[in-house]
Amino acid sequence: MARTQTRMTRQRAIILEELRKTQTHPTVDEIYGMVKKRLPRISLGTVYRNLDLLAGSGDIIRMESASSVKRFDGNTIPHQHVRCVKCGRIGDVIPPCKEPDPRKVEARNFIITASKVEFEGLCSSCAAGDNLVSESEPEEIRHSMAS
């Protein structure tokens, strides 16, 4: 994917700073709430446009899934995500697993061009029967994988 080059405005820089401060993979509305504390006059539309520009330039990752709301990740180091099937919380899988090679996979009536691995499971709060998610809990899910 080609990276779009755009000027880093003050608003865009603050949106990027706020996103990179969190590991919760926030939605647009959550990012808007964080940014509004620093830029009280910013509009939701401005946040949307800037997130799209930042994703287009490769400064952030736009996380899209058929079953959930669009979220954003300020961590652009290659990694996968795990989603809690009970509360929807998102975590990082670090170190990442090896991605499947799309050239070695076939599907009838499709030309496969890319792959994306996303894991599902229960976050520690849901597994313990506690629906309150603490932001202080680590977001990274450590794993070991034999190569």
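Residues are called buried under 20% relative accessible area, exposed over 50% and partly exposed in between, as computed with a 1.4 Å probe and protein chains only. The legends below describe a predicted model, in which local features need pLDDT of at least 70 and side-chain atom pairs count only at pLDDT 80 or more, whereas totals for chains, interfaces and linings use all residues. Residues are numbered from 1 along each chain as its sequence is written, and side-chain values use heavy atoms, with hydrogens and water left out.

**Figure 1. Overview of the chain and its secondary structure.** The chain contains four helices and six strands, where helices (H or I, at least four residues) and strands (E, at least two) are DSSP runs numbered from the N terminus. Along the sequence these elements follow the order α-α-α-β-β-β-β-β-α-β. Of its 147 residues, 31% are buried. The accessible surface is about 10,000 Å², and carbon and sulfur atoms contribute 53% of that surface; such areas come from the Shrake-Rupley method with a 1.4 Å probe, and for residues only the protein chains shown count as cover. Among contacts (heavy atoms within 4.5 Å) with a separation of 6 or more, 52% join residues 24 or more positions apart.

**Figure 2. The salt bridge between Arg38 and Glu17.** A salt bridge is a side-chain nitrogen of Lys or Arg within 4 Å of a carboxyl oxygen of Asp or Glu, and the whole structure has eight of them. In the pair shown, the closest N and O atoms of Arg38 and Glu17 are 2.9 Å apart. The two residues lie 21 residues apart and link distant parts of the chain: Glu17 is in helix H1 (residues 10-21), and Arg38 is in the loop between helix H2 (28-36) and helix H3 (44-56). Glu17 is partly exposed at 39% relative accessible area, and Arg38 is partly exposed at 35%. Both belong to a network of salt bridges that links Glu17, Glu18, Lys21 and Arg38.

**Figure 3. The salt bridge between Glu30 and Arg71.** The N to O distance in this pair is 3.7 Å. Glu30 in helix H2 and Arg71 in strand S2 (residues 71-73) are 41 residues apart, and the pair links distant parts of the chain. Arg71 is buried, with 17% relative accessibility, whereas Glu30 is partly exposed at 39%.

**Figure 4. The salt bridge between Arg83 and Glu118.** The closest N and O atoms are 3.8 Å apart. This pair also joins distant parts of the chain, with Arg83 in strand S3 (residues 80-84) and Glu118 in strand S5 (residues 118-121), 35 residues apart. Arg83 is buried at a relative accessible area of 15%, while Glu118 is partly exposed at 33%.

**Figure 5. The largest nonpolar core.** A nonpolar core is a set of buried Ala, Val, Leu, Ile, Met, Phe, Trp, Tyr and Cys residues joined through side-chain atoms within 4.5 Å. The largest one has 16 residues, and those with the most contacts inside it are Ile15, Ile31, Val35, Val47, Leu51, Ile60 and Phe72. Helices H1, H2 and H3 are the elements that give two or more residues to this core. Apart from its neighbours within four places in sequence, Leu51 contacts Ile15, Val28, Ile31, Ile60 and Phe72.

**Figure 6. A nonpolar surface patch.** Val105, Phe110 and Ile112 make a patch of about 290 Å². Patches consist of residues with over 30% relative accessible area and no salt bridge, with like charges joined within 9 Å and nonpolar side chains (Val, Leu, Ile, Met, Phe, Trp, Tyr) within 5 Å. Ile112 lies in the loop between strand S4 (90-94) and S5 and is partly exposed, with a relative accessible area of 32%.
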